[in-house]
Amino acid sequence: MNSIPISWYLILSAGLFSIGLFGVLARKNAVAILLGIELMLNAVNINLVTFWRYNNPAEVTGQVFAIIVFAVAAAEVAVGLALIISIYRNRNTVMAEDIDLMKW
Amino acid sequence: MTTMQVLFLIFAAIILGSAFMVVTTKKMIHAAFWLIVVLFAIAALYAMLNAGFMAMVQIVVYVGAIAILFIFAVMLTRKELLDRGPALNANKSIAALLSLLSFGGLYMLLRNWSGFSNMAPALPEGDMVAKLGEALVTPDAYLLPFEIASVLLLAALIGAVYVANEARSE
Amino acid sequence: METTNIIWLLPLPPLLAFFIIILFTNKSNKLSHIVGVSAAALSWAGAMTVFFRSLSVEHFGEHPFVDSIKWLPLGEEWLEIGVRIDPLSAATLFFVGITVFMIFLYSVGYHNFGQPKGDHDKKGLPPHGATVEENGHKHVVPSVEPMYARFFAFIGLFAAGMYTLVISDNLLTLFVGWEIMGLCSYLLIGFWFAKKSARNAGIKAFITTRIGDVFMLLGLAFLYTATGSLSYDVIFSHDVLHHLAETPAFWGLSAAGAIGLLLFIGAVGKSAQWPLHIWLPDAMEGPTPVSAMIHAATMVSAGVYMTIRIFPLFSAGWDGHALTPTMSIIAFIGAFTALFAATIAIAQNDVKGVLAYSTISQLGFMMAAIGIGAYVAAAFHLVTHAFFKALLFLGSGSVIHGMEHGVLHTGDHSVDPQDMRNMGGLAKKMPLTFWTFLIGGFALSGFPLVTAGFWSKDEIFADAFAHGHMTVFVVLAIAAFLTAFYTMRQITMTFLGEARTPEAEHAHETGWTMTTPLVVLSVFALGFGWVGIPESFPILGNFSSNWFHGFVGHTVHLPEAAMHIEFSWVPLITSLAVALGGLALGYWTYTKPNASANDPLRKLLRPIYHILENKYYFDEAYDFLFVKPATWISEVFVAKMDQGVIDGILHAFGTVSFAIGKFIREKFDTPVINEFIGDGSAEVVQIFGRKLRKVQTGRIQEYMLSALGVLFIIFIALYYLVLA
């Protein structure tokens, strides 16, 4: 149980975060962008729990923080997907590059 | 190499690999499934970190609700040629570069932190889950953020229902 | 009221009348003449008060009424102006007051107040009559002068100028009054401005007197630089006069003589002496009250008054025997003018023309008297002349009015109502005018004993003879003979005999506003002479003490030799002879039938008569010598210079400025400022805008990319800055 240094977890979450970032920036489909955001949020959660476990496991603060992040992530996904569905109904597309009304 | 390390490496590989698949597959439904894999693996990771409640909540909330929500969304936004075209847009190179940069930057930052190579301390005695539950409902502790998070969810719920409502009487 | 206060106020009523009429009452004839006549009456009342008060002062010559105020600060001292009434100005006030008042009153009737407006009367032309219907019968009556109010305003200003001149105690304010009268003579001679002859006459009067005024100004300037003052009490003080007499000036004259000569030239202009006499006959273009005013009461008298005033200047150094050079010049010009004008007068046919030349001639008498040193005689003649000449002019105006009535009645406008050849027999039709005119004419001729003119002329003769100025004596005697001759000629042709034209038939007497002044003036023309009867005169001299001589004679102190006038029968007989002889000859010549129509003189003097009729062709000579070259200079030379050179310079300025402007605009303003800087900067902004706006693609992912990229750059920069 004690053999994994914190650095492994942290590098993992950093990597997951970067992949999520890539997904947000590079995917065409709007839903896929949201998937990327979910990955980033999960990376954050991993970070939080890791730090809880490695720095101060006596307090439950770390977990509570992670739970709140869950809630927020859920809410955000709900609203985001609702928006995408609404846009799909109006514009018949979910390609992020087609939703460019605010362009020059 | 202890068992835990090996387990960790396996799960880490699953997470990273699946995450990569999430962001690169053409078919959206596949992406959603790959996300479920990632989520499950993260749950296992939580278990390894002795955060059992978190692991359960991860599976119930994320996989059970959010991933399903994604699948529904993919279903509702399907189009004929949608899944045939390229998955990534024109900025992929720059995005890749930026991602790598961000990873590198984070790594550099973390490396300079003194506690980077710490080991896990001992778990305290007592029931972690009970303590967590108490903290969430004790007014002195985290009752308020908990309730506010509930309100946030309610707002999001109402908002989502309203935004996605089909029949608009205009 | 203090006498000096009254004196200060004398010019004020007519001046106020001028302003009030111009500003307020100019639409109402009645108000205007009420204002004018009351102003003249007020000033007359004031003048009489001053005069009578001056009579009660012992040795008034040494104690004149004086008052002055500090006017201009000049460094340490002040230029003071003020009033001074000494015996000479008191006597002048006497006649100026009454004649001005009479002329104002006369003008009411002369300009036909109360008559209807004329049929075709226009402002600027003399009134021509209005058709009136009475009992179905139409006839033409004289119409009211359209510019009635303006006339009273102008003569008000004229009177104000004269009063200013008389009351002033220094040559500066005298000159002010002088010039005001010059202006008014221009305005009034050219009163009927629509007539070209009137306009020209006004200009001629003004310019001729101006020529005299230039020399007068030079004299004033010379005087001021030599003495530092223009006040009478300074310049006529013994020391100053002595100093001026000793200082030599130009042409062998002393400073006093030179100044006197220059100032005298001003009087030559104003009093129409030869050679500046040409304006006075033309001044007949003005209405008759104007002629009376200018030529009797005020303006020409101003010239003589001024000359008498400066008598101390040109007589400085005179010992009573040989005349100073300036005095000789004055005497010469005076005597010459007297004879010269008299010769012209005998050949004039206009009733006012005769009187004009007569005025010139009489002024010559006065100037000659001053020239030989008899300034008291000159002052005496000035006063009596004012009375009888004003009377004669007003009388002639009455005659012309009567004739005009006749012209309107017959409707024949080709008949000149002023030509004596068209008159005759008016004594029966206009008796009051006739008798007063006769009195005036006799006074002018010097009819013995009863008329004022006799006494004043006789005194001049006596002085000339007694001091041995024989040339002057003879010349003046001849002129007096001619005076009597042409006066009787005038009276005979106008009033006696039978009417020669239907217009004369229909003349009738004029209203009371015109005949009352005639009567008043004739009283003075008769009576005034008696205050000047010399003591040495046989029989009558024992009754009077020559009050006038005693009063006015104290104004200036004459050398002993000049004071004493021995009585001699020669001048007395001479003046009796020339007066009675001239009157008789005139009557006898012109009562002959057809004498008025075909002048017997014409045959007698044949070629000379023509010259006399044309006034020795002086007008034509001056026109050729002065007027035409001046016109040429202004019209040809200066105009060409003005158009060519000055306008040329201006056009050149304009063209060059325009060319410079155009060049700058085309070469610099448009390409550099407008295009390069102005449009250029806009272009640059546009280019940048066009290029930069592509950033706004509307795609969120690209925004996020840019944001992250910039963020990274900042992080890296901060990292290396902070940690390194």
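This short talk covers the interface of chain A and chain B, then one histidine in chain C.

The model is predicted, so local features need pLDDT of at least 70, side-chain atom pairs count only at pLDDT 80 or more, and totals for chains, interfaces and linings use all residues. Residues are numbered from 1 along each chain as its sequence is written, chains are lettered from A in the order written, and side-chain values use heavy atoms, without hydrogens or water.

Start with the interface. About 7300 Å² is buried between chain A and chain B; that is accessible area (1.4 Å probe) lost on putting the two together, summed over both. Carbon and sulfur atoms give 77% of it. On the chain A side, A:Phe22, A:Arg27 and A:Phe70 lose the most area to chain B. Together they make up 10% of what that side buries.

Now the residue counts. Chain A brings 73 residues and chain B 85, with contact meaning heavy atoms within 4.5 Å.

Next, C:His128. The residue sits in the loop between helix H4 (87–110) and strand S3 (130–134) of chain C; helices (H or I, at least four residues) and strands (E, at least two) are DSSP runs, numbered from the N terminus. Buried, exposed or in between? C:His128 is partly exposed because its relative accessibility is 46%, between the 20% and 50% cut-offs (1.4 Å probe, protein chains only). Beyond four places in sequence, its contacts are C:Asp121, C:Ser143, C:Leu408 and C:His413.
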